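Welcome! Please take a look at the sequence and the model below, and then we can walk through one part of it together.

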Amino acid sequence: MFAALNSFQVGGGVKGQEAFTTPGTFSWTAPSGVSSVCVVAVGGGGGGVNVGGAGGGLGYTNNIAVVAGTSYTVIVGAGGASASGAGGNSSFAGGPSGNGATEVSQVSYGGTFSGTGGGNGGSPDGTGGGGGAGGYSGAGGDARVAGTGGGGGGGGAGAGVGATGGGGGGVGLLGEGSNGAAGNNATNGGGGGGSGGSAGGQGISTTGGAGGAYGGGGGYGFGGGGGGPNNGAGGNGAVRIIWGAGRAFPSTNTGDV
């Protein structure tokens with residue numbers, strides 16, 4: 001359901017983190033001694049429907065006030081199914097929101113947080129690839145024109161030939177890292193994962209590749225006259241919470257401690 005809690009005392013302060021990577025609604029309780037947290041949320045990637053699915057957006061907020069012993073709601077959005085399109089939104093306590101994506105374009109998100117949208121999926125008369133998940137400071141790769149790399153640590157777009165495309169790359173939760181590379185157009189390749197995220201799946205014959213974790217868009221699959229089950233599913237979203245002095249997204253001591 002979620003990654004194991006890891007916390008310890010350092011100079012009188014508590015440092016730790018917890019990651020939620022399975023779609024659903026969960027409850028997180030602030031540990032003793034914790035009064036503020038930093039959160040990153042990634043929305044589910046869109047599944048391919050009549051085009052490649054868009055990548056899920058990423059949002060983060062630092063210094064969110066919490067009360068030790070109090071429970072807060074965590075929502076993790078699922079990736080869009082191969083025949084239904086939209087991914088689910090992810091959030092913490094109604095706060096930072098990584099928005100899920102549709103098969104056409106990234107859904108706009110509201111609220112006050114930093115982060116970016118996922119890349120657009122390709123059209124069936126273009127590459128058919130899935131869009132990359134949003135990065136910490138730049139958008140995910142756009143699959144509409146033969147695929148592009150991710151920006152700001154985001155996932156790269158999938159690419160393809162003959163309207164079958166690879167899935168878009170996902171984005172990692174440990175803070176901003178390297179951009180995901182674009183997929184290989186000659187091989188229906190999936191986009192590379194950004195910031196340590198998972199790469200998208202390769203498109204095979206008439207079947208689109210799945211989006212990478214977390215938030216990669218699914219590739220379009222031409223088989224079956226319009227895709228349907230031949231399309232790739234979007235990658236699931238995720239939420240990660242960190243706490244302790246001197247830690248902040250996008251990249252200040254955001255790794256596991």
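Val74 has Phe92, in strand 7, as its bridge partner. A word on the ground rules: this is a predicted model, where local features need pLDDT of at least 70, side-chain atom pairs count only at pLDDT 80 or more, and totals for chains, interfaces and linings use all residues. Residues are numbered from 1 along each chain as its sequence is written, and side-chain values use heavy atoms, leaving out hydrogens and water.

Strand 6 and strand 7 pair in the antiparallel sense over two bridges; strands count as paired if DSSP finds at least two bridges between them. Strands here are DSSP runs of E with at least two residues, numbered from the N terminus.

| Strand | Residues |
|---|---|
| Strand 6 | 71–76 |
| Strand 7 | 90–92 |

Now for the rings. Rings of Phe, Tyr and Trp (its six-membered ring) pair if their centres lie within 6.5 Å; planes under 30 degrees apart count as stacked, over 60 as edge-to-face and the rest as tilted. That rule gives eight aromatic pairs. One of them joins Trp28 and Trp243, a tilted pair with 5.5 Å centre to centre and 50° between the planes. Trp28 lies in strand 3 and Trp243 in strand 12 (residues 238–243), so this pair ties together parts that are 215 residues apart in sequence.

Are these two residues buried or exposed? Trp28 counts as buried at 1% relative accessibility, and Trp243 is buried with a relative accessible area of 1%. Buried means under 20% relative accessible area, exposed over 50%, and partly exposed in between (1.4 Å probe, protein chains only). Ring pairs also link Trp28, Tyr72, Phe92 and Trp243 into a cluster.

Technical notes
Helices (H or I, at least four residues) and strands (E, at least two) are DSSP runs, numbered from the N terminus.
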